[in-house]
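Please read this briefing with the sequence and the 3D view side by side.

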Amino acid sequence: MLIDMIAGARPNFMKVAPIINAIKKRRSEGADLSFRLVHTGQHYDKKMSESFFEQLNIPSPDVNFGVGSGTQAEQTAKIMTGYEQIILEEVPDVCLVVGDVTSTMACAITAKKCGVIVVHVEGGIRSGDWRMPEEVNRVVTDSITDYFYTTSEHANNNLRKQGVPAEKVVYVGNTMIDSLLANLERLQKPAVWDKGNLRQKEFILMTLHRPSNVDDGAGLKKIIDRVCTLSGDYPVIFPVHPRTMKMLDMDEMNYPNLLAIEPMGYLEFIYLLKHALAVVTDSGGITEEATVLGIPCMTLRDSTERPETIEEGTNELLGTDPESLNDSFDKLMKGNWKKGSIPYLWDGKTSTRIVDHLMSIS
Ligand code: UD1
């Protein structure tokens with residue numbers, strides 16, 4: 001059985017790594033399983049891509065289309081053309097896509113049109129916010145997915161409502177958490193730890209990259225201002241995504257407690273997250289990681305496709321008005337943040353369950 005594993009952008013890499021390991025393990029036990037690792041090149045900076053391959057021991061991609069930056073349509077078109085060529089060279093049995101980035105949708109469409117079975121890891125999640133390109137990617141991908149590997153009962157319900165037959169939905173858990181748990185012993189202290197004289201639970205971590213927060217420079221500045229002010233004497237560590245960097249005028253960012261740094265490697269980032277007092281973010285994946293690590297998480301978005309991180313985990317959805325941070329910081333500084341629990345099946349064994357199911361497809 002030949003499986004194409006699709007990875008294109010930073011949040012994909014920690015989702016495919018444990019599945020590749022599970023496939024290799026099963027193959028070493030004699031299973032007829034092989035894979036091609038297809039990198040679309042949607043993310044291409046060393047810090048956004050290559051460093052994840054190195055740190056997570058992901059094998060070099062069999063192919064990299066190098067599509068790079070562009071509009072949604074440009075990226076989609078280049079990825080589809082590149083992937084179609086690969087399928088024409090050798091038709092895989094299964095195309096496995098993860099998450100909700102443009103590479104996910106583009107490869108799913110291409111595979112389906114070539115008659116290849118499409119499986120979607122993290123299928124079924126919905127934010128309901130059509131302004132996000134990720135929501136379009138999710139809905140389009142799921143409309144042509146053959147098997148859904150889901151992370152939550154919310155995802156299962158969304159698929160049920162959509163009329164997906166029960167036998168196509170496999171509730172497996174969260175591969176991002178497989179990576180998290182597998183690497184907890186390998187975390188690396190980043191250079192900023194000593195540079196910023198950081199101490200455990202005495203700094204705030206911040207990440208911002210959603211267009212709704214960063215594409216308007218004045219709005220972005222307001223968020224940074226609020227977080228730095230509310231953090232008081234605590235340092236604010238801000239690894240800056242390339243999209244965000246384009247909007248920042250570093251000369252205006254003169255807050256004594258702000259440390260804006262380049263995007264971080266996975267092992268360094270999780271080290272910081274694990275030791276932070278709290279994280280302020282607009283990422284989806286970080287809300288999951290913070291939930292499992294028990295770190296207070298403030299999400300600057302109007303919606304989430306991961307409601308379990310709020311109902312069960314440590315996440316709070318604050319909207320995009322920076323003033324909403326006031327009450328949350330007050331609660332945090334008084335030590336009143338909710339404790340949270342770990343969602344069902346986020347246990348580090350999700351990839352094994354996925355490979356078990358893949359074997360049953362053949
Ligand atoms: C993409 C995903 C988003 C994910 C995020 C994580 C889509 C629609 N969005 O958003 O879901 O949360 O990745 O990072 O797929 N850039 C670089 N170097 C890189 C990558 C990007 O400089 O390695 C710059 C590009 O100039 C580009 C901008 O960052 O204009 C945004 O990149 P893009 O891939 O379009 O989307 P992200 O905002 O990264």
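**Contacts and cores**

Leaving aside its neighbours within four places in sequence, Ile3 is in contact (heavy atoms within 4.5 Å) with Ile23, Leu33, Ser34, Phe35, Arg36, Val94, Leu96 and Leu358. This is a predicted model, in which local features need pLDDT of at least 70 and side-chain atom pairs count only at pLDDT 80 or more, while totals for chains, interfaces and linings use all residues. Residues are numbered from 1 along each chain as its sequence is written, and side-chain values use heavy atoms, with hydrogens and water left out.

- A nonpolar core is a set of buried Ala, Val, Leu, Ile, Met, Phe, Trp, Tyr and Cys residues joined through side-chain atoms within 4.5 Å; buried means under 20% relative accessible area, exposed over 50%, and partly exposed in between, with a 1.4 Å probe and protein chains only.
- The largest nonpolar core has 61 residues, and Ile3, Met5 and Leu96 are those with the most contacts inside it.
- Helix α1 (residues 10–28) supplies the largest share of this core, 8 residues; helices (H or I, at least four residues) and strands (E, at least two) are DSSP runs, numbered from the N terminus.
- At least three residues of this core come from each of domain 1 (2–174 + 346–361) and domain 2 (185–333).
- Apart from this core lies another, of 26 residues, among them Leu208, Leu277, Leu318 and Leu325.

**Domains**

- The bounds of domain 1 and domain 2 come from an automatic or database domain assignment.
- The centres of the two domains, taken over C-alpha atoms, are separated by 27 Å, and 25 residues of domain 1 are in contact with 25 residues of domain 2.

**A helix pair**

- Helix α12 (residues 266–275) and helix α13 (residues 285–293) pack at an angle of about 55°, with their axes 10 Å apart; axes are lines fitted to C-alpha atoms, for helices over the stretch in contact, and angles run from 0 to 180 degrees between N-to-C directions.
- Tyr266, Phe269, Ile270, Leu273 and Lys274 in α12 meet Ile286, Glu289, Ala290 and Leu293 in α13.

**Two loop residues**

- Most residues other than glycine have a negative phi.
- Asn197, in the loop between α8 (191–195) and β8 (204–207), has a positive phi, near 50°, and counts as exposed at 63% relative accessibility.
- Lys201, in the loop between α8 and β8, has a positive phi near 60° and is partly exposed, with a relative accessible area of 36%.
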